[in-house]
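Here is a short briefing on strands, sheets and ring pairs. Keep the sequence and the 3D view open side by side.

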Amino acid sequence: MIVAMQEKATEEQIDAVISAMEEAGVDVHRTTGEFQTILAAVGPTAALDLAKFEMLPGVLNVHRISSPYKLAGRAFRPNGTVIEFPNGAPGKPVSIGGEQVAIIAGPCAVESQKQILTVAECVKRAGGRFLRGGAFKPRSSPYSFQGLGIPGLEMMREAADANGLAVVSEVMEIAQIEPMLPYVDCFQVGARNMQNFNLLRELGQVRKPILLKRGIAATVEELLLSSEYILSGGNYDVILCERGIRTYETATRNTMDIAAIPVLKKLSHLPVVGDPSHGTGRRDMVPAMAKAAVAAGADALLLEIHPNADKAVSDAAQTLFLDQFEKLVDELRVLAKAVGRTL
């Protein structure tokens with residue numbers, strides 16, 4: 001159930017509505033926009049009398065939400081969510097979800113201090129604001145490189161700080177959350193963990209943004225329901241990521257579902273990221289799908305880059321060389337302008 005307050009509703013009126021909702025046995029999640037406050041009731045709302053709440057002072061209207069995702073649905077924040085990060089120059093906030101399309105780039109895995117510093121310098125030079133990299137790597141084979149762990153995060157944090165970048169890195173289990181907190185600005189949840197509900201619940205208690213990747217065979221609704229686990233814990237800074245799904249097609253590593261981007265933007269208020277690196281698994285196809293994602297409305301791109309991409313210890317085939325990355329960003333800047341955005 002959603003309760004939309006009037007534009008001039010007072011704090012006393014809002015508090016009174018919240019109290020009435022809680023007395024009815026539901027959890028209340030509040031979002032306050034520039035002009036209006038929205039109250040979402042989560043719990044046993046089927047038996048509630050909507051008229052009772054419509055009569056309360058300050059209430060504009062009340063309606064039930066038919067979708068199973070109450071907090072991720074666009075009705076909760078009709079104007080969309082913009083997630084801001086702390087590392088921006090004055091007057092130039094770092095954010096995802098606004099007019100500017102963000103670039104999140106870096107290697108699949110942190111390999112050395114020299115490697116990650118070289119990449120960070122390239123990301124800054126190209127105008128990117130986020131450095132991505134894996135320190136804990138969930139690999140299909142137990143014999144593949146599994147990441148450097150905390151030492152890798154330390155290298156990444158140092159390289160990011162030297163270049164004014166925010167850090168995005170994957171968390172694989174609950175026990176890793178606390179040790180990672182000092183090093184990351186955004187936790188990434190990989191496709192394999194999209195339905196690790198215990199992990200998602202714990203991340204709901206964290207007050208840092210979460211980048212949630214779509215599962216390898218997950219529907220759009222399943223992705224939104226997974227985000228609901230995080231949102232219901234009180235962490236509303238969730239970013240959805242389309243990274244390709246498994247289909248019958250074998251020409252690419254995954255099938256990047258470009259249509260999912262506008263679908264998610266219509267159904268949800270959460271920002272959406274496109275990941276053409278995993279979406280194709282092929283370096284030669286990454287630029288085309290990156291452009292397609294921006295044209296489809298993506299709020300950010302997640303790109304894998306490496307100083308010597310052919311020698312990358314993880315996902316070499318889908319990783320761009322640094323010069324390819326810089327060329328792509330220049331092209332994306334022109335495209336973003338054509339669709340009414342900036343890069």
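Which residue in β3 is the bridge partner of Val28? The partner is Ala41. Bear in mind that this is a predicted model.

**The antiparallel sheet**

- Strands β2 (residues 27-32) and β3 (residues 37-42) run antiparallel and are joined by 6 bridges.
- A hairpin of 4 residues links β2 to β3.
- On β3, Ala40 is the bridge partner of Ile2. Strand β1 (residues 2-5) and β3 run antiparallel, with 3 bridges between them.
- The open sheet has 4 strands in the order β2-β3-β1-β4, with antiparallel pairing.
- β2 and β4 (59-63) are the edge strands; each has a single partner strand, so one side of each lacks a neighbour in the sheet.
- From one strand to the next, the twist averages 20°.

- Is β7 (residues 102-106) enclosed or open? 5 of its 5 residues are buried, so the rest of the structure largely encloses the strand.
- Ala102, Ile104 and Gly106 point one way from β7, while Ile103 and Ala105 point the other way; all are buried.
- β7 runs parallel to strand β14 (residues 300-306), and 5 bridges join the two. Gly106 sits opposite Glu304 of β14.
- β7 also pairs in the parallel sense with strand β8 (residues 130-132), over 2 bridges. Here Ala105 is opposite Leu131.
- Together with helix α3 (residues 113-126), β7 and β8 make a right-handed β-α-β unit.

**Aromatic pairs**

- Phe85 belongs to strand β5 (residues 83-89) and Phe130 to β8, so the pair ties together parts 45 residues apart in sequence.
- Phe85 counts as buried at 6% relative accessibility. Phe130 is buried too, with a relative accessible area of 1%.
- The ring centres of Phe197 and Tyr229 are 4.4 Å apart with planes at 20°, so this pair is stacked.
- Phe197 lies in helix α6 (residues 197-203) and Tyr229 in helix α7 (residues 220-231), so their contact ties together parts 32 residues apart in sequence.
- Phe197 counts as partly exposed at 30% relative accessibility. Tyr229 is also partly exposed, at 24%.

Key:
Residues are numbered from 1 along each chain as its sequence is written. This is a predicted model: local features need pLDDT of at least 70, side-chain atom pairs count only at pLDDT 80 or more; totals for chains, interfaces and linings use all residues. Side-chain values use heavy atoms; hydrogens and water are left out. Two strands pair if DSSP finds at least two bridges between them. Axes are lines fitted to C-alpha atoms, for helices over the stretch in contact, and angles run from 0 to 180 degrees between N-to-C directions. Buried means under 20% relative accessible area, exposed over 50%, partly exposed in between (1.4 Å probe, protein chains only). A crossover is right-handed if, with the strands pointing away from the viewer, the path from the first strand over the helix to the second runs clockwise. Rings of Phe, Tyr and Trp (its six-membered ring) pair if their centres lie within 6.5 Å; planes under 30 degrees apart count as stacked, over 60 as edge-to-face and the rest as tilted.
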